[in-house]
Amino acid sequence: MCLAILKIPCKIALCALSVLVLSATNANAYQNILGINAYSLISQKKWEIDSMRVGEYEIIIPNDIENAYLVFNGSSVSGIAGCNNFFASFQIAGGGKMIVVEGGGVTKKACDSMQAERIEAIFIKNFIGKFMVQGNDEYIELLGESGFSIRLFPSITLEP
């Protein structure tokens, strides 16, 4: 008998202990097991938006559009994709291989340029639904079911 007081055999007690240890594993450890995945978004927190793709069209975010970024914190995502603040909730799904972004909101201030306004409109319209997460040490891509994808790279700034 392993736990004589509770009359639990050793194999069952060890199995239960393993489940507790695995469930207590943090996002970084889970990320190390699976490689780049949805938990990578949370561990880095702030991601600069490099580009977006809608079907066959790629939109590179120009350097003069400042603060094009996303912050993943818990179950919320926020940031700026043009000139307004964006916010939504998301869930990790598919064993960490995908995220599901739910409808969110955006502030309504006027952008300084038409280019920033167009980029923001494309982002807001398409950044909803299921996204597969893939990438490497340099960037992460979120590949949407609708053909929309977004490439992110880790931010080097300290503030969100």
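Predicted model: local features only at pLDDT ≥ 70, side-chain atom pairs only at ≥ 80, totals over all residues.
**Exercise 1.** Where is K45 placed, and is K45 buried, partly exposed or exposed?

Solution. 
- Step 1: Find the neighbouring elements. K45 lies in the loop between α3 (38–44) and β1 (46–54).
- Step 2: Look at the backbone. The phi of K45 is near 70°, a positive value in a residue other than glycine.
- Step 3: Take the relative accessibility of K45, which is 41%. Buried means under 20% and exposed means over 50%.
- Step 4: At 41%, K45 therefore counts as partly exposed.

**Exercise 2.** In which sense do β4 and β5 pair, and over how many bridges?

Solution. 
- Step 1: Locate the strands. β4 covers residues 76–80 and β5 covers residues 85–93.
- Step 2: Read the pairing. The two strands pair in the antiparallel sense over five bridges.
- Step 3: Pick one bridge. V77 has A88 in β5 as its bridge partner.
- Step 4: β4 and β5 form a hairpin, with four residues between them.

**Exercise 3.** Which residue takes a positive phi in the hairpin of β5 and β6?

Solution. 
- Step 1: β5 and β6 (residues 98–101) run antiparallel and are joined by four bridges.
- Step 2: Find residues that face each other. A93 stands opposite M98 in β6, and F90 stands opposite V101 in β6.
- Step 3: Turn to the residues between the strands. This hairpin has four of them, and G94 takes a positive phi near 60°.

**Exercise 4.** What stands opposite F86 in β7, and what stands opposite V101 in β8?

Solution. 
- Step 1: Begin with β5 and β7. The strand β7 (residues 105–106) pairs with β5 in the antiparallel sense over two bridges.
- Step 2: Name the residue in β7. F86 stands opposite V106.
- Step 3: Move on to β6 and β8. The strand β8 (residues 129–135) runs antiparallel to β6, and four bridges join them.
- Step 4: Name the residue in β8. V101 stands opposite G129.
- Step 5: Return to V101 in β6. V101 faces F90 and also G129 in β8.

Technical notes: Residues numbered from 1 in each chain as written. Heavy atoms only, no water. Buried < 20%, exposed > 50% of the residue type's maximum accessible area, 1.4 Å probe, protein only. Pairing = 2+ DSSP bridges.
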